[in-house]
Amino acid sequence: MSVICPFCKSENTTSFSDIKTKEFGYQCLDCKKDFGVFTTDKQEKILSSFKMMKIHYKLDSKEYKFVLNKVDNKINLKMDSYILSVHNDFDIIDFTSLFDNFILVLLNQFFIFDIENTNIDNNSDFFIIEIESDEKIIKKTSKINYYLDLLSKFMFQLIGGENEKS
Ligand SMILES: [Zn+2]
């Protein structure tokens, strides 16, 4: 199955790895943009310097918030949902053992670093992701697109599908 370009949705993409720069990633053969470009070093740095991540999205008028926090060497996950003005407050989960794989999936399968910022308003569906590491804060704000739709479904599984009935 070919990987879909996050920019133009083309399936005409190819993967590459560069021996010199040690970079690997994908290139879209239609819009010519690269995506999911990393080195192993860069990924390890993202994991080791991690402090906090917030994912906040609204889809079909249901709103979800996920906050991952690093406390000492532990990663905690806090989830909240807002459905028909009902706030659901979930217990904090120890996410430490899942954390590395989780972040790598976000980087390499949902291409969160390649999200293009678009204007959003609170009345429509939106997706906001914020990652704080030792050096910087990355914030992406976007309307729901192909990968963000998939990512919101992926995140929803963490809640256990509990609020599926509306
Ligand atoms: Zn493309």
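Predicted model: local features only at pLDDT ≥ 70, side-chain atom pairs only at ≥ 80, totals over all residues.
The domain assignment divides the protein chain into domain 1, which spans residues 10-40, and domain 2, which spans residues 49-159. The C-alpha centres of domain 1 and domain 2 are separated by 24 Å.

An open sheet of three strands is found with the order β1-β2-β3, and its pairing is antiparallel. The edge strands of this sheet are β1, covering residues 13-17, and β3, covering residues 34-38, each of which pairs on one side only. On average, and with direction ignored, neighbouring strands of the sheet are turned by 15 degrees against each other. Strand β2, made up of residues 24-28, is joined to β1 by five bridges, and the two strands run antiparallel. Within this pairing, Thr-14 has Gln-27 of β2 as its bridge partner, while Ser-15 stands opposite Tyr-26, also in β2. The strands β1 and β2 form a hairpin in which six residues lie between them, and Lys-22, located in the turn, has a positive phi of about 65 degrees.

In one of them, strand β6 (residues 74-83) and strand β7 (residues 86-89) run antiparallel and are joined by four bridges. Ile-83 of this pair stands opposite Val-86 in β7. The hairpin formed by β6 and β7 has two residues between the strands, and Leu-84, which belongs to the turn, has a positive phi of about 50 degrees. In the other, strand β9 (residues 126-133) pairs with strand β10 (residues 137-142) in the antiparallel sense, and the pairing extends over six bridges. Ile-131 has Ile-138 of β10 as its bridge partner, and three residues lie between β9 and β10 in the hairpin that they form.

With regard to helix packing, helix α1, comprising residues 40-48, packs with helix α2, comprising residues 96-108, at an angle of about 130 degrees, and the two axes are 11 Å apart. Angles of 65 to 115 degrees count as roughly perpendicular and those over 145 degrees as roughly antiparallel; α1 and α2 are therefore oblique to each other. The crossing in which α1 passes α2 is right-handed. On the α1 side, the contact involves Gln-43, Ile-46 and Leu-47, which meet Asp-100, Ile-103, Leu-104 and Leu-107 in α2. Classified by residue type, this contact of α1 with α2 contains five nonpolar residues, one polar residue and one charged residue.

Definitions and conventions:
Residues numbered from 1 in each chain as written. Pairing = 2+ DSSP bridges. Axes fitted to C-alpha atoms, helices over the stretch in contact; angles between N-to-C directions. Parallel < 35°, antiparallel > 145°, perpendicular 65-115°, else oblique. Left-handed = near helix turned anticlockwise from the far one by under 90°. Contact = placed C-beta atoms within 7 Å. Nonpolar A, V, L, I, M, F, W, Y, C, P; charged D, E, K, R; others polar. Domains from an automatic or database assignment.
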